[in-house]
Amino acid sequence: MKVLRRIFPHPHLTLLLTLVWMLLANSLSLNSLVFGLFLGVVIPFVTQPYWPDQPKLRNWLMIIEYILVVLYDIVVANIVVARVILFKRDQDRQPAWICVPLELRTPEAITVLAGTITMTPGTVTADLSSEGHNLLVHCLDAPDPDAVRDEIKQRYERRLKEIFE
Amino acid sequence: MSLFLIAALPFLGAVFPALLIRAGRNASSASAGATTFLALLGLLVNAPAVFRGEVVTARFDWLPGLGLNANFYLDGLGFLFAGMILGIGLLIILYARFYLSREDPMGQFYTYLLLFQGAMVGIVLSDNILLLLIFWELTSLSSFLLIGYWKHLPAGRQGARMALAVTGSGGLAMIAGMLILGNIVGSYDLTVILQNKELIQASPYYMPALILILIGAFTKSAQFPFHFWLPHAMAAPTPVSAYLHSATMVKAGLFLMARMWPVLAGTDAWFYIVATTGLITMLLGAVIALFKDDLKALLAFSTVSHLGLITMLLGFGTKFAAVVAVFHIINHATFKAALFMSAGIVDHETHTRDIKRLGGLRHLMPVTFIIATVASLSMAGIPPLNGFLSKEMMLDAAVHTTWLNSPYLVPGVVLIAALFSAAYSFRYIAHVFLGPVRDDYPAKPHDPGVGMWLAPAFLVTLVVLIGLFSSAIVGPLVAVASGAVIGGEKLPYYSLKIWHGFNAALYMSIVATIGAVILLAMHGRFERVWNALPRPEAKVIFDAVIGCLTATSRKITEGLHNRSMARYSAIFVVFVVSLAGYGYYTGTDSVPTRIGIEAGVMPIIGWICLMGATICLVVFHHNRFVSLVLVGVVGLIISIGFNYLSAPDLALTQISVEVVTIILLLLALNFMPKETPWETTNERRFRDVIIAGISGLGVGGLIYALMMRDFAFPTISEFHLANSYKGGGGTNVVNVILVDFRGFDTFGEIIVLGIAALVIYALTEAVLGTRVRAYLLNRKPDMPQSGDAHPLMMVVVTRVMMPIALMVAAYIFFRGHNLPGGGFIAGLIAAIAFIMQYMASGFSWAAERQKVFYHGIIGSGVLIAAITGMGAWLNGKPFLTSDFGYIHWPPLEEFEWATAMGFDLGVFLAVVGAVMLALESLSRFAWQPGIASEHAMDINPARDDEDTEEKKEV
Amino acid sequence: MSHLIVAPIVLPAVLAPFIIMVLRHHLSLQRIFSVAGTVMLLAISLALLGMTLDGQVHVYELGDWPAPFGIVMVLDRLSALMVLLTAVLAMVVVLYSIGSGWDNRGRHFHALLQFQLMGVCGAFLTGDAFNLFVFFEVLLIASYGLMIHGGGPRRLRAGVQYVVYNLLGSTLFLFALGTLYAVTGTLNMADLAVRVGEMPADDTALLRVGAVLLLLVFCVKAAVLPLHFWLPTSYANAPLPVSALFAIMTKVGAYSILRIYTLVFGPEVEATAGLVGDWLLPAAMLTLIVGSIGILGTRIINRMIAFGAIASMGTLLISIALFTPIGTSAALYYTIHSTIATALLFLVADQVRERRGIRIRSHSPMPQAGLLAGLFFVGAIAMAGMPPLSGFVGKLLVMDAARQSTDFGVIWAVILISSFITIVGFARSGSIIFWRSHDPDFIDAPEPEVEIEGTEDEHAKEPAPEPYPGLAFSSVFGLVALLVLLTIFAGPVLEFTGETAAQLFDPSAYIDAVLHGGQK
Amino acid sequence: MITYAIYFTFSCFGAGLLMNLYKIATAKGVGDRVLALDTMVINAIALMILYGLALGTEVFFEAAMIIAMLGFVSTVAYARFLLRGNIIE
Amino acid sequence: MEFLLASAVGMLTAAGVYLLLRRRTFPVIVGISLLSYAVNVFLFATGRLALNAPPVLNKYADVPYTDPLPQALVLTAIVISFGMTAVVVMIALSAYLSSQNDRIDMSENTGDDV
Amino acid sequence: METAFEALIAFFLIVSGVFGFVGSYGLLKLKDSMSRLHAPTKATTLGVGGVLLASIFHSIAIEHHLSLHELLITLFLFLTAPVTAHFIAKAHIHMSETPETLPGAEQDGIWATHDVPGDDETEGDKDSNA
């Protein structure tokens, strides 16, 4: 097991990389699969020192759900924000800083959360607090900052907590 | 003995004194003497042949391509001079042994002396004027060393430099003259030239050749107006003076004139130039000599005067005068060498050469007195000494010379010169040896040991003997030598007797002698007048000229090369553009043959972006950071442009290089000022804009013109397109060109990259080894720094990105042969993947995880590329010959292998290693104690949970 | 097809990475390998020279691709001669650097030196214009590293100028190559020659631009006025053994001019008629004059010799600019001479610098002053073209070759006058450096200490590591011996250069060998 | 239909590029310039894919992918420079 | 299209030359990079321009290809100029750190003209 | 079928065009720089995403082969865009904001960008919270 662990330090990563390879090769041939797998094994092995203590992912279904939620939010938020930019007068807009307290502790999870916040238009993760327990988020137009915060915690953080911890 | 050996002996022998000096001064001087003696012996062996009228020759083809051959020949003239050079040289070696003091490096002295002797012998024996030139310049060089022998004396150094400058430049003029001469005749061999008098004198180049050669001769023989170097050369030790100024160096010019006499003399130009110069020099030297208080200066100017005399004789162009000249050369050598030696003895014993401080030495130094007196009287032309003989003949020749239809001018001037000549000769005797004994000599004078006076005594004996038995002793010598001078024609009538009866010459002699006595008696009065007279001091003028030359040179040099890069670049650009324009406008231009591609909206937008960004870049360049951002924009657009214009490989390369370059520049900018000050004037900026605009127009116009025309011939890339797959096994032609058709370029290119990294590394090491390190350690950032150097998000993202990026790199690498990509781009991507780690997690954290040294990666990359290339040798194919094939491993599909892959792997490794080494080295500048962290992220909430858990456990 | 032809490039290219990889921390092993590599290079170059003696042009087709589609290395007399010269110079410089401990004053000296050799040899051997560019870059970037070897503020600042100027030159090179390719569609020199010869007469303007630009690139390398500005500062501030090695770099420019403008744009090519000779000759004369004036007008030994190098390039280029076989023959002889003489002076100057600093002023006497004075004297007379050394022979050859020119009077005057200035300059500096130090009145006349060129190696004031002074001196003596040999055997050498020139002026053999006969 | 859509999208992104350029030229702070450059990169990616789509070729894909992958490195480097002065520490 | 490219090359050259004539090392280096962009595009354009004709052989169709050779040359040139830029940046930085002076001219102290 | 696909492709293209434009336009229009930061995310997500989707459909419908590698670009953008935005935001905070202009960071007291080591005040905060 230990040997196996040493050879496959990051099984998820191996999978991901093989997928990336297949995408790169843009073909579903045996050759690319074998080669992708080969590289998928070799590269994590080489880069192992650069990614110590990898998180363990628990809930695969949750991941898919999360992705779908985020994609949906992105589309919706895009439209909202586009309206704000195009049609709202600048002085009517109410930008706001909000502080999102974090329950997540894994760096990976925090990163995913922060990334999600940024990628959904209208909010940008600006900073982390000095001990990493809060996220500073900027809202393009948030008449009610607290609602935004609650939504973030509800929609994303909760799911991430399930996935990562 | 072969002439080669005679000429070579002094040079060969020159090694010994320097080496043998460790064995003692005697050994050193003995070796010099022995060498000279051997050479003299060798010369004498040839004497019978010479006196029979034969010409001894020795030929060796040295540089037949140029006509410069080591041809020597020995005729009467050469024999005379060689004999003088070697004979007096032997005496000088003896004399110098006792003259030089213990502190003087005697080995050096003899070495120089022998070098000089060899050069002189070479001159007189050369049968090739180019060879003669070599020896000629060699005498200048070796005399430079001899005159400057006493390095601690400023006079010596200056005198040496002056002598070198004057005689050397004369030599240079002579080179031109000789080349012209050779060009006229078609050969550089003297024997040939000497037979072509008519050809030479008829040539339109006769005058330039004559003047140039005479400049050489005059400078060497200290003729007016080049006479001034000679007295200053007196700073040399007396043996040197005695040698250089009696028998050798200064006689070289005379020798040359005598040598060239058969072909150059006989024209009006020759007469007026040479004779007049000689006449002036003779008079001038004689007058100045009388008023010199320095013994050696007196002798020096007397030498100048006598050289003038001989020059004048040669200039007369008559056979008789030529014979007299030869005769006087012999006589002058004997008495002048003796005089210099006697002056040296006086100096050596009394520690002064100032005539004003001397007098009455005849009692204290009787031997020296006798030597000096006899020699002086000979110089003054008193019978029955040899000086008298030749002087009489000279006067005789002068009397028969008309100068510009005036029969009296020459004799008149000659008479005055003779008068002064006699006067200074008498003064040498009267003011040094006669008179009362003084008690204020700087040292207690007495006669020196026999070693010192033996040599001058021998010469003085000769003076007397030649005077008495001239025909017997030197008659044959004069005959053969003069015969050589006048070119083998019949000798004129002359007689080397004391008594020629009462003739004009005798009367003149008598007048001169009596006049001289009177002049000497009134010397004090004349001296006051002389000192009051304003007269140009040659040394001052010379120094001023040289000083001016130096100062001007400095001004030009420093003015031109003022180390202003901006100016250098501006000159570069302007020059290049204007010459290119010249090239264009002198050629014929055809009309454009191609129709351009219509530009769509997108290219125009891209163009606007590019132009806009470039203009902004120039406008905002004072803010360095902004200029870098704009460089990024420019790079991005160019990369898109490459892609748009069907160059995907270029686009990939451009964008990845761009990223690395930006990182590099930002790393450097961190330590540099962030602003460029406004320091140029508006005019300068305007000028720069003009220069830049013109160059831009030029380049733009050029490429436009090129693009609008078809190739005049089919391009070679058609072959590449046709053979890329067949011969190279790849469909991406660009890549196949890179790794196969032109793999050698790529090989060079990765080496360039590798060297760049090495240079950066070496420089980092060097700079961090100096006080810069301390500066950097104490350096406070010049901009406020934020917290959170290694943000969590970045770290996490790069951790995910890195394997993916490497995957992409691998993909780009493997597909490169068939699709856009390849080792280079892959290498850059991989390098950037690593750089991301450095940027995100910190230098020390990332460096700690780096197990392989970048040096090794670079080296192995280059080696792999080279070894792949050399693998072809095993197949008997040239370097870098590639091979490829297909492998089929069931159940996999067939796939291709190519040796080019190995080469590309080398490229990949070299690129990764080079980029990483460069960036790592640059990053090391920023290293400061305390910034290293064991953690990749500054803030990691997971970590303090662990901490608390640990605490709980405790 | 002998693999030996590519050996002068592959050998250092393999040796240098090996040194970097394996011997990075072992100076003594580095030295051994560096010397061994150079010895081998010398042997190879001798063998190559032997191969060319029968007058044949050898072609090596890299990657087995026929010219003009692949890259070829071409070995003819000229390239063999230049490679040999490089190897000889390298040998001396390597030994000297070891002897003087210079290689220990920074990192990677030997690796960079080997790379430099690779670049130089490649430039001499290649038969492809773009490949020439690549090798130029190889030798340049190695030279950047060598030039700043050891560091020091002034040297580094001079290094910036040097690099920037040469980057300009490289950029220009690419412009030139692009133009030529766009016009002719080829990069192979022989193929270029063929195509240029067949160029339609009514479409020459762009070709001419390309030819001029290319010439200017080489003029930068050859330090022709007014493109010589990179030279004085960089040579004066580089470590002196490196400057000695750089003596070959200017020759690369001269070589390229000779190669391209006899082979491709030869004197009889109509399309580019009047482009080269018209101004190269005056420019060369100006170079000579400015160089010699510089010798007299500077107060720093290094810089003086740098100007000497410029002056000698002037003489050399005068001879090249005649574009006659006899002129070229003289130029080649002078090339050998000037490389050795320049190197010699730089090495002597390094010994002087080691003992008393680099400024031309009086100073307390230094150890071994007599020996150094002698060596300096030899170097100076060689550089000034005084007999008996090869400089004089070379000068005579050049002047003799110029006889056929209509402007021979001007050329002679320029050569002779600049010789005069050079002599005065060297006499002045030599007497100040070596003689005046013996004058009690002048010893250590206090002078304000300012930062000047060359004195920058403050580490040099520390006890410099000088493990084998004898080795340093013997390499200097080696150069002297070479000068002497070059003088004595001037006849055979000139015969060879004459044959080389003949080969150059009859490019058909070269073109034939490259385009048609390479495979045989 | 697709052709017109492509034209429309081209012009949108093209206009975007021009606006970015305008921003770069006129922005007051350096941060905005970096931001504009970043936007430019994104627009460029979109343009490249669009172009590949319009021409039906995949040759543009790699360039777009590499820009997507590496573009951020330079943006981060710029930002890091503003933050810390030193981009690798 | 040709005109656009030519004018862009001209502009880059002009900007590069202008910056090259500045007196500090940094703008000069930036100028050199611009010049190398210019020359790369120049060299690229010597193969004449072509749209949608990348020199990647198509096994299935007979399509036009642009001239691959200049592209290969430009690739080499880009790499080389990258190496050169890296070196010059490093030397300039070291020079600045060693002498606290980033002037590219050395004329403020000619050394021997005291 | 073909037309439906074409319509779909066209739709995606137009959507992406609009959002791409809005992204760049927002950069100009919005007045405060923190708000401007929001604009590029539009271009990143729906702008580029739309084109990518269009491209994927295009390859399926018009060229009749499955080509999913456009997804990679999305992957990269989703990975990198937040980091870029984060950094630019941090740069803004660093240069234009002070701890006072931002909301408090609750128990951590200060935001990481302002947490400059060596600054006493923040050090103190840090200690009290640790």
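Start by selecting B:Phe747: leaving out its neighbours within four places in sequence, B:Phe747 is in contact with B:Val862, B:Ala865, B:Ala866, B:Phe879 and B:Phe903, plus C:Ala13 and C:Met118 over in chain C. Keep in mind as you click around that this is a predicted model.

Now widen the view. B:Phe747 is among the residues with the most contacts inside the largest nonpolar core, along with B:Phe744, C:Met73, C:Ile257 and C:Tyr261. That core has 789 residues. Which helix gives it the largest share? Select residues 68-99 of chain E: that's helix H3, and 22 residues of the core come from it.

Time to colour by chain. Then try chain E against two others. Chains A and E don't touch, and their nearest C-alpha atoms are 17 Å apart. Chains E and F have no contact joining them either, with their closest C-alpha atoms 15 Å apart.

Last stop, chain D. An unreviewed UniProt entry places the feature "transmembrane region" at residues 6-22, 34-54 and 60-83. Select residues 6-22 of chain D and you'll see 100% helix and 0% strand, with the end C-alpha atoms 24 Å apart. Residues 60-83 of chain D are also 100% helix and 0% strand, and there the end C-alpha atoms sit 34 Å apart.

Note on methods: Residues are numbered from 1 along each chain as its sequence is written. Chains are lettered from A and ligands numbered from 1 in the order in which they are written. This is a predicted model: local features need pLDDT of at least 70, side-chain atom pairs count only at pLDDT 80 or more; totals for chains, interfaces and linings use all residues. Side-chain values use heavy atoms; hydrogens and water are left out. A nonpolar core is a set of buried Ala, Val, Leu, Ile, Met, Phe, Trp, Tyr and Cys residues joined through side-chain atoms within 4.5 Å. Buried means under 20% relative accessible area, exposed over 50%, partly exposed in between (1.4 Å probe, protein chains only). Helices (H or I, at least four residues) and strands (E, at least two) are DSSP runs, numbered from the N terminus. Contact means heavy atoms within 4.5 Å. UniProt positions are given in the numbering used here, feature names are shortened, and annotations may be inferred rather than shown by experiment.
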